[in-house]
Amino acid sequence: MLDNLAKVRDDAPPELGVDVVMAVRDLASRELAPLVRQIDEGLYPEGVMRAFGRAGAFGAHLPDERRSTDLATAIRAMSAAGEYCLSTSFCMWCQDALAWYIFASDNDGLKESLGQRVARGEALGGTALSNPMKTFFGIEQIRLKAQRVPGGYVVRGLLPYVSNLGTDHYFGAVFEVEDTPNRYVMAVVPCAAEGVSLAGNTKFVALDGTRTFTVQMRDVMIPDALVLADPSDAYIKRIRAGFVLLQSGMAFGLIRGCIDLIEQTKGPLGHVNKYLDVQGEHLADQLAAMESQVERLAATPFESDPTYWRAVIEARLAAGEASVAAAHAAMLHCGARGYVVTGAAQRRLREAYFVAIVTPATKQLKKMLADMKH
């Protein structure tokens, strides 16, 4: 994978006030939009990500005794960036998820140290929960194993795809304790830790600017100070709704971007596009309904009722399916002008499939819903 760095201008404002979404929207139009094609080709938008962090994009949703958890603002901010670039909104989700893990834990020391830096975008990172999320729902075997040693755990294993990483980044991971079957521990792993190696040899059809690596862990020492939950069973149930709901921001931004592409074709192609079954107005109504439902669910992310969890899964499934449908519609509306390599419509279509296959993927969501019936 290409591994370039995008730089924002030196005059990017350090603080943009309390309106986080407006700040992200402004930064996205000024700093992100000109880089979208380069990011699609492999440019990692590190400067933009750090600017979003300074604007408060990665801190609004964090559990805090002084204020309520505000997932909705994080979702709207992600959506504002996603209108231009799904790679960047996905990196925002990775960052949001890492911060969510830290602040939803009982590790106060980590909250006050690394957690604050992640929330401000000073430390970047991602989430290696794709494999454990599949493990917990009977799809894969856990890939990371650990032995308990004085002061922490020694972890080994390989994870095929972990995103938003770099040599000085961090990621959240789950490993199984070898001498205690089905005992899982969740912790934060520094990419700079001895025994951690990153390999980026895969070329993706989209989202190549997300710094997605294969992560090899060879006897990596994870100190107790980096442990988020031990055991992690109850903790995973606590964070899972937020983990899933935050992904909605990627979908909503992409759908809104597709609606914009459809609107742009009305002048030159409206006389023939009007015969297409799906129009921008249809997508806008569907998007508004999905956003309303997700914001209702996001108001209580720690709800433990099974009915609530089912509604979260259904909302995520709808977002993924709607993303693919919206991108397909945008391609049909744009026609040949969207089918060239520089066309935005073909990029949005490639990006849309990622929303449908990133964990939890459409097929996993459908399995989860089917399992709930038994």
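Me: In this predicted model, is F302 buried, partly exposed or exposed?

Reply: The general idea is to look at the relative accessible area of a residue, where buried means under 20% and exposed means over 50%, with partly exposed in between. F302 has a relative accessibility of 30%, so F302 counts as partly exposed.

Me: Which ring pairs with that of F302, and how are the two planes set?

Reply: For a pair of rings, one reads the distance between the centres and then the angle between the planes, and planes under 30 degrees apart count as stacked. The rings of W100 and F302 have centres 5.3 Å apart and planes at 5°, so this pair is stacked. W100 belongs to helix α5, whereas F302 is in the loop between α11 (280-298) and α12 (306-334), so the pair ties together parts that lie 202 residues apart in sequence. W100 itself is buried, with a relative accessible area of 0%.

Me: Which charged residues lie over aromatic rings here?

Reply: Here one asks where the charged end of a side chain sits relative to the face of a ring. R238 lies over the face of F302, at 3.9 Å from the ring centre, and the charged end of R240 sits over the ring of W309, at 4.2 Å from its centre.

Me: How many aromatic pairs are there, and why is the pair of W93 and F243 edge-to-face?

Reply: The count comes to seven aromatic pairs. For the arrangement, the angle decides, since planes over 60 degrees apart count as edge-to-face. The rings of W93 and F243 have their planes at 70° and their centres 5.2 Å apart, so the pair is edge-to-face. W93 lies in helix α5 (residues 86-103) and F243 in helix α8 (residues 233-246), so parts that are 150 residues apart in sequence are tied together by this pair. W93 counts as buried at 3% relative accessibility, and F243 is buried as well, with a relative accessible area of 2%. Ring pairs also link W93 and F243 with F90 and F354 into a cluster.

Me: How many disulfides does the structure hold, and why is C258 too far from C334 for a bond?

Reply: A disulfide is a covalent bond between the sulfur atoms of two cysteines. The structure holds zero disulfides. The closest cysteine sulfur to that of C258 is in C334, at 8.7 Å, which is too far for a bond because the two sulfur atoms of a disulfide must be within 2.5 Å. C258 is buried, with a relative accessible area of 0%, and C334 is buried too, with 7%.

Terms used:
Residues numbered from 1 in each chain as written. Predicted model: local features only at pLDDT ≥ 70, side-chain atom pairs only at ≥ 80, totals over all residues. Heavy atoms only, no water. Buried < 20%, exposed > 50% of the residue type's maximum accessible area, 1.4 Å probe, protein only. Phe/Tyr/Trp six-rings, centres within 6.5 Å; stacked < 30°, edge-to-face > 60°. Helix = DSSP H or I, 4+ residues; strand = E, 2+ residues; numbered from the N terminus. Lys NZ or Arg CZ within 6 Å of the ring centre and 35° of its normal.
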